[in-house]
Amino acid sequence: MLRTQCRTPWYPLGNGNLMNILDHGIHIAQMMSPTEIENALDLITVNGAKTMNIDDYGIEPGKSADFIVIEAKSEFEAVCERAGVLASVRNGEFLFTKEPAKYNNFSKLFSL
């Protein structure tokens, strides 16, 4: 993944969440077709690694194993729902893990 964009003197609004940056970017670029939305994660992952000439990027044997686990069923859902990060792995080591969100069934509260 690209730099974490944490708060710095050059970027005081950063919080380390590249999904926020992606959200702004796709709106500014008016990337609204289903295919563009589906491929939007490439902007902050694969394409960023290519631009920075990072050769060992990806999840394959022999690569550094830097990745995040996003709480979504698909790339499209991850972008549209601004999915949360469930885990972050750097050099094959977990930096953190988080339980998936749990939702209660409120339908009983609203039944007549």
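Author: What follows goes through the sheet, then a loop residue, then a pocket. This is a predicted model, in which local features need pLDDT of at least 70 and side-chain atom pairs count only at pLDDT 80 or more, while totals for chains, interfaces and linings use all residues. Residues are numbered from 1 along each chain as its sequence is written, and side-chain values use heavy atoms, with hydrogens and water left out.

The open sheet is formed by 3 strands in the order S1-S2-S3, with antiparallel pairing. Strands (E, at least two residues) and helices (H or I, at least four) are DSSP runs numbered from the N terminus, and two strands pair if DSSP finds at least two bridges between them. At the edges are strand S1 (67-70) and strand S3 (93-97), each pairing on one side only. Neighbouring strands of the sheet are turned by 20° against each other on average, direction ignored; the axes are lines fitted to C-alpha atoms, and angles run from 0 to 180 degrees between N-to-C directions.

Strand S2 (residues 85-90) is joined to S3 by 4 bridges, and the two run antiparallel. Arg90 has Glu93 of S3 as its bridge partner, and Val89 has Phe94 of S3. The hairpin of S2 and S3 has 2 residues between the strands, and there Asn91 takes a positive phi near 50°. Of the 5 residues of S3, 0 are buried, so S3 lies largely in the open. Buried means under 20% relative accessible area, exposed means over 50%, and partly exposed is in between (1.4 Å probe, protein chains only).

Ser64 sits in the loop between helix H3 (46-51) and S1. Ser64 counts as buried because its relative accessibility is 17%. Leaving aside neighbours within four places in sequence, Ser64 is in contact (heavy atoms within 4.5 Å) with Asp56, Asn91 and Gly92.

S1 gives the largest share of the lining of the second largest pocket, 3 residues. This pocket is lined by 18 residues, and Leu41, Thr45, Tyr57, Ile68 and Ile70 lie nearest its centre. On a 1 Å grid over the protein atoms alone, a pocket is an open set of points with protein on both sides within 12 Å along at least five of seven lines, and lining residues have an atom within 4 Å of a point.

How values were computed
On a 1 Å grid over the protein atoms alone, a cavity is a set of points where a 1.4 Å probe fits but cannot get out, and a pocket is an open set with protein on both sides within 12 Å along at least five of seven lines; lining residues have an atom within 4 Å of a point.
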